[in-house]
Amino acid sequence: MKAKALALLALAGISCMVAADELPISANHSKSLEVEHYRYGMHPDIARVIRTSAVPNVCQAAPVQMTYEDHQGQRHVMEYMAMGKGCTN
């Protein structure tokens with residue numbers, strides 16, 4: 001019985017951490033984030049990557065998005081091109 005209770009407590013704790021990571025950090029984040037498009041030579045201030053979208057299963061360059069925090073704790077979404085995973089040699 002104690003093992004079940006500990007397992008439920010651990011699961012609840014992990015769920016809370018995941019949900020907290022999804023919450024906006026400040027009032028500035030309550031609105032939808034504008035997508036920035038990466039250009040060669042940009043030097044974004046990336047302190048922590050929060051998530052990246054999946055690379056498509058195509059054999060060409062495709063847009064991918066990365067959500068990150070800068071050193072001031074502001075969240076950003078940057079879109080960049082990445083080579084798809086669908087090519088075979």
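**Exercise 1. What percentage of the 89 residues in the chain do buried residues make up?**

Solution. Buried residues make up 17% of the 89 residues. Bear in mind that the model is predicted. Turn next to the surface. The chain exposes about 6900 Å². Carbon and sulfur atoms supply 61% of that area.

**Exercise 2. In which order do the elements of the chain run from the N terminus?**

Solution. Start with the tally: 1 helix and 4 strands. Then read from the N terminus: α-β-β-β-β.

**Exercise 3. Which residues does a disulfide join, and where in the chain do they lie?**

Solution. Apply the cut-off: two cysteine sulfur atoms must lie within 2.5 Å. C59 and C87 have an S to S distance of 2.0 Å, so a disulfide joins them. The count comes to 1 disulfide. Now place the two ends. C59 sits in the loop between β2 (48–52) and β3 (61–69). C87 sits in the segment after β4 (75–83).

**Exercise 4. Is the disulfide of C59 and C87 right-handed or left-handed?**

Solution. Take the torsion about the S-S bond. It is about 105°. The disulfide is therefore right-handed.

**Exercise 5. Does C59 count as buried or exposed?**

Solution. Exposed means over 50% relative accessible area. C59 has 51% relative accessibility, so C59 counts as exposed. C87 has 32% relative accessibility, so C87 counts as partly exposed.

Technical notes:
Residues numbered from 1 in each chain as written. Predicted model: local features only at pLDDT ≥ 70, side-chain atom pairs only at ≥ 80, totals over all residues. Heavy atoms only, no water. Helix = DSSP H or I, 4+ residues; strand = E, 2+ residues; numbered from the N terminus. Buried < 20%, exposed > 50% of the residue type's maximum accessible area, 1.4 Å probe, protein only. Areas by Shrake-Rupley, 256 points an atom, 1.4 Å probe, with all protein chains shown as cover.
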